[in-house]
Amino acid sequence: MKTTTVPAVALLLSYLGMHYGAAHGDAWLAAVIVSVVSCGWVWYAHSRRSRSMRTYLASSVSLLGLACLLALFLLHAPARFEILSDHWLSALRPESPVQDQWLENASRQSSPQAGNWLWNEQSIRPLPRRAQLKPGNRPEVFLQLDHPEDAATLLQKRVYLSAFALGRYHQAAWAITTKISAPPQGRLAEIAPPISYEVFHPSNASACAPLISLQGLTEARTKFIARGDGVWLLPAQPASHGHRYRATSQPLHIDDLPENALSHRHALLARDYLAQPSDPAFFSALQEQILSRVGQGSLKQRLLRLRGILQQQSNYSLTIENPQNRDPLSNFLFHEKKGHCEMFATAAAMATRAMGVPSRIAYGWVGGSYFESSRLFVFRAREAHAWTEVWIDDLGWVILDATPPFAIGSSRAAPPEEKPLSAEEMAAPASHDEHAATAPHWMTWLLAALGLTGSAWSWWRSSHDIPASQPTATRSKTGSLTYEAQLQSWCRAEGIRPGPHWSLGEMLDALQPPIPGAAELRRYHYATRYGKEPRHLPTERRLARMLARERKARQRARGNQRSH
């Protein structure tokens, strides 16, 4: 049991080390943990088998080499495999909208690393039970308009810049919806005129960045991979390059809807967009405290009324305490009644679904500062935001933002004397996030050298340590010699060559003087091999250890006689 526990613990600690390192930007630390645990494993095995120190060191070098190769693989392979899997998914789903044109001339602006909203390694974003958010002020995305007159249209309302959208809600967490929604075929161009622009934002060498666009994306003139509905990923590339591409959007707000807008045709949408929490108590409280106050009227009137109710139901706060550790959404709506934009967006999504309107939650930025001289919108970290989008027939996804207006960044036209970047931001060097997400270059080369050295040493030992003429002894599942193998090895050491058909009794008789405990060994062997007595592994191990001790005792006695 202990022998099998040690490798299990080693693998568990190695995985936790890799997970911790990847999450905290110290992936090299995981390599050290893997190596240390592996050496500890070899030491444990050495202490149980009483091998020589030379054997211990040789085994340590071999296993350390394998551990370094494993650490090297885990440090660099996962992101590449994720990119490869996304390419395979794109090839298997030809309906995914992948454009042919590829912009080779990537942006080289020295802009800081983007702080987008992201999901975890399972493509899931759980709602936080507690929070203490402190948004920064660094610039994260730049958007340059093709036509200056579009700025007046955008500045009439808040500008919503979308990074990705999630539609599947289950167990207080949002996840990707894989079924792609069909593009609307109707009056969208009449209500929301198209806006063309160019986007600049940092890249990530260790992972795919989301395609960022104005809400209501209709075309992106760059190469991307459809990870899910509303989730488009750009190929990974060095952070020193950045991403730069052109796109066209038709953003649409709930206030812009015509009075006769409907949401009845859901056949082409995924079921995720109407799914609700399975908790009856939550649905009952939602119906009683919120939906019952929506009243009657057109779809637009009911959605606007719902937005006002949610803005009054809870308070906006970047701090969530949740002292009773309740479900995050229930705590936000019915108990603590305070939270940030993601809570308001989730509450609106669940409420609209209860009204029969498909919905999802979008993540990105809202607000932005417009600089007329360069036709440039600049979005900063403090403007990161989440909002709800509802599906309207013939129009597609429409913004329904339930977060109180005072808490949302306002889009503004910057004064002429203001610059897109301050002097300090212009002087700051570009952020190279690949060094935070992966191991330093020296660690990569060190792991590769140790891994190749250990592997070469292991191969050399396997080729030279055991002569080809000497048969290897049979071992048990734990790696120790069985009592039969002990006898065979002992006979060979004494110059006795047991034939292929020698019995255990013949080998015991050949070893003189008689071995203490030979009678018990004979009885157990013949009773289990030829009788009906079941095998007992602890007894076999004890007998094997007894033979090993007796063999060592005789070797020591002979050595003492020679010395005298």
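**View 1. Ser330 is a buried residue, with a relative accessible area of 13%.** Buried here means under 20% relative accessible area, taken with a 1.4 Å probe and protein chains only. This is a predicted model, so local features need pLDDT of at least 70 and side-chain atom pairs count only at pLDDT 80 or more, while totals for chains, interfaces and linings use all residues. Residues are numbered from 1 along each chain as its sequence is written, and side-chain values use heavy atoms, leaving out hydrogens and water. You will find Ser330 in helix α8 (residues 328-335); helices are DSSP runs of H or I with at least four residues, strands are runs of E with at least two, and both are numbered from the N terminus. Neighbours within four places in sequence aside, Ser330 is in contact (heavy atoms within 4.5 Å) with Phe282 and His335.

**View 2. Tyr160 and Trp387 form an edge-to-face aromatic pair.** Rings of Phe, Tyr and Trp (its six-membered ring) pair if their centres lie within 6.5 Å; planes under 30 degrees apart are stacked, over 60 edge-to-face, and the rest tilted. Here the centres are 5.0 Å apart, with 70 degrees between the planes. Tyr160 sits in strand β4 (residues 160-166) and Trp387 in strand β19 (residues 384-392), 227 residues apart. Tyr160 is buried at 7% relative accessibility, and Trp387 is buried at 0%.

**View 3. Strand β4 is largely enclosed by the rest of the structure, because seven of its seven residues are buried.** Six bridges join β4 to strand β16 (residues 359-366), running antiparallel; strands pair if DSSP finds at least two bridges between them. Look for Ser162 opposite Gly364 in β16.

How values were computed: Buried < 20%, exposed > 50% of the residue type's maximum accessible area, 1.4 Å probe, protein only.
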